[in-house]
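Here's a quick tour of the aromatic rings in this protein. Have a look at the fold, then read on.

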Amino acid sequence: MDLHETAGAAADAIADRLATPDAVRGLKLKQGWWPQSLAHGAVGVALLHIERARTGHGPWQRAHDWLACAAAEPAIGGADSHLYYGAPALAFALHAAADRPGRYTRALHTLDQNVTKEVRKRLDRAHARMDRGVLPALTEFDAIRGLSGMGALLLKRGKHTELLQDVLEYVVRLTEPIKNNGEVLPGWWSHLAPSGKPSADFPDGHANNGTAHGITGPLALLSLTARAGVTVIGHGDAIRRILTWLARWQQDGPAGPWWPYWITREQLRSGTPGPGPSRPSWCYGTAGIARAQHLAALALGDTRLQRGVEEALLYAVTDPNQLGQTADVSLCHGFAGLAHITRTIAADAITPGLTVCVPRLLAPLIEPDPDELADSLLYDPAGGDVGLLEGAAGTALALHAHRNGGATVSGWDSCFLLN
């Protein structure tokens with residue numbers, strides 16, 4: 001078999017293990033059973049079967065069964081909901097499944113009402129917080145739990161442009177510098193640790209550079225909306241402010257450019273970050289940060305920036321030290337994510353060499369026997385994971401995308417703010 005067929009066989013093996021919710025309920029899952037979770041539960045598995053059904057590689061019944069499992073209880077809304085959990089996650093999956101006009105229209109309308117109500121509440125709280133001069137929690141703005149993720153959903157739905165513009169106006173304001181205890185800080189400086197909680201190790205908080213929980217999530221949203229023609233006053237200025245911050249903290253070493261995961265107040269004062277580079281993942285590392293800047297470069301028509309971040313990714317995915325720190329095959333921080341992001345950037349690249357890296361990045365996924373890979377993801381003695389972020393569904397989606405030449409018919413990777 002060639003590489004595409006091998007990747008497809010591995011994706012098939014995982015999908016077959018995840019054929020029905022009943023086949024999974026009895027497994028030992030390290031994250032537990034979360035039906036409405038896109039990250040770790042039924043919504044993420046539904047997304048796998050939706051993509052496969054839409055490309056003709058699997059039956060729609062599997063997607064319907066998993067969606068029914070996810071929607072068996074009333075959709076979770078309010079403060080506990082976000083792109084990866086509850087009503088927004090269900091809306092994302094149903095939108096991906098709506099392959100023809102009228103499909104899931106009623107359910108999506110109900111979920112839209114839930115989502116838009118919650119977004120408005122969060123925007124009101126965020127602006128009130130900024131009016132008081134208080135520093136933000138990461139969950140206010142990040143891609144996983146915050147308004148950047150909700151903005152990505154609104155962009156995907158394409159039905160709430162005014163509310164999306166309100167989100168963008170908030171993100172623009174978030175990027176404006178603020179004064180705190182006499183020091184000028186970026187507006188996204190959080191008083192909390194990267195864990196999202198107070199910590200003695202981060203007494204003065206930090207500025208998070210990651211895509212999952214930091215400022216490159218908002219950068220990706222600003223860039224994606226600019227490319228889609230949805231902009232607000234100050235939109236370009238906000239993109240450039242974030243890019244200026246990332247340029248300030250870009251480190252250049254023997255393994256090429258890299259960015260620290262975060263900056264503490266002490267590092268801000270000294271101008272020196274912690275050691276690195278670390279693993280080049282989507283969630284925190286060079287791959288995610290590069291893609292967000294790549295989208296910004298495409299939105300601005302900045303070929304110099306585009307070439308620079310493409311070269312940074314090329315260094316990262318060919319550096320044995322960085323790849324040696326990548327310990328799993330997940331989308332979030334493993335080889336599946338590296339392969340998918342590399343292929344995504346390569347599709348728009350002006351720098352040669354990225355496409356040929358993809359087979360090496362896929363090797364940890366396709367070198368094992370397909371059944372062995374599926375078993376390792378689902379039957380780990382420490383607990384398996386069926387979901388999108390760190391589990392079997394996400395790994396299978398990356399493999400399936402490679403089978404299809406990198407295309408994602410359902411747009412599943414937009415929840416990572418990659419497209």
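This is a predicted model: local features need pLDDT of at least 70, side-chain atom pairs count only at pLDDT 80 or more; totals for chains, interfaces and linings use all residues.

Residues are numbered from 1 along each chain as its sequence is written, and side-chain values use heavy atoms, leaving out hydrogens and water.

**Ring pairs**
- Rings of Phe, Tyr and Trp (its six-membered ring) pair if their centres lie within 6.5 Å; planes under 30 degrees apart are stacked, over 60 edge-to-face and the rest tilted.
- That rule gives eleven aromatic pairs.
- One of them joins Y84 and F416: the centres are 6.4 Å apart and the planes at 80°, so this pair is edge-to-face.
- Y84 is in the loop between α3 (60-70) and α4 (87-97), and F416 is in the segment after α18 (392-403), 332 residues apart. Helices here are DSSP runs (H or I, at least four residues), numbered from the N terminus.

- F416 is buried at 2% relative accessible area, where buried means under 20% (1.4 Å probe, protein chains only).
- W282 also pairs edge-to-face with F416, at 4.8 Å centre to centre and 80° between the planes.
- W282 lies in the loop between α11 (265-270) and α12 (286-300), so its pair with F416 ties together parts 134 residues apart in sequence.
- Y84 is buried at 1%, and W282 is buried at 2%.
- Y84, W282, W412 and F416 make up one aromatic cluster.

**A charge over a ring**
- R103 lies over the face of W60, 4.2 Å from the ring centre; this counts if NZ of Lys or CZ of Arg is within 6 Å of the centre and within 35 degrees of the ring normal.

Conventions:
Helices (H or I, at least four residues) and strands (E, at least two) are DSSP runs, numbered from the N terminus. Buried means under 20% relative accessible area, exposed over 50%, partly exposed in between (1.4 Å probe, protein chains only).
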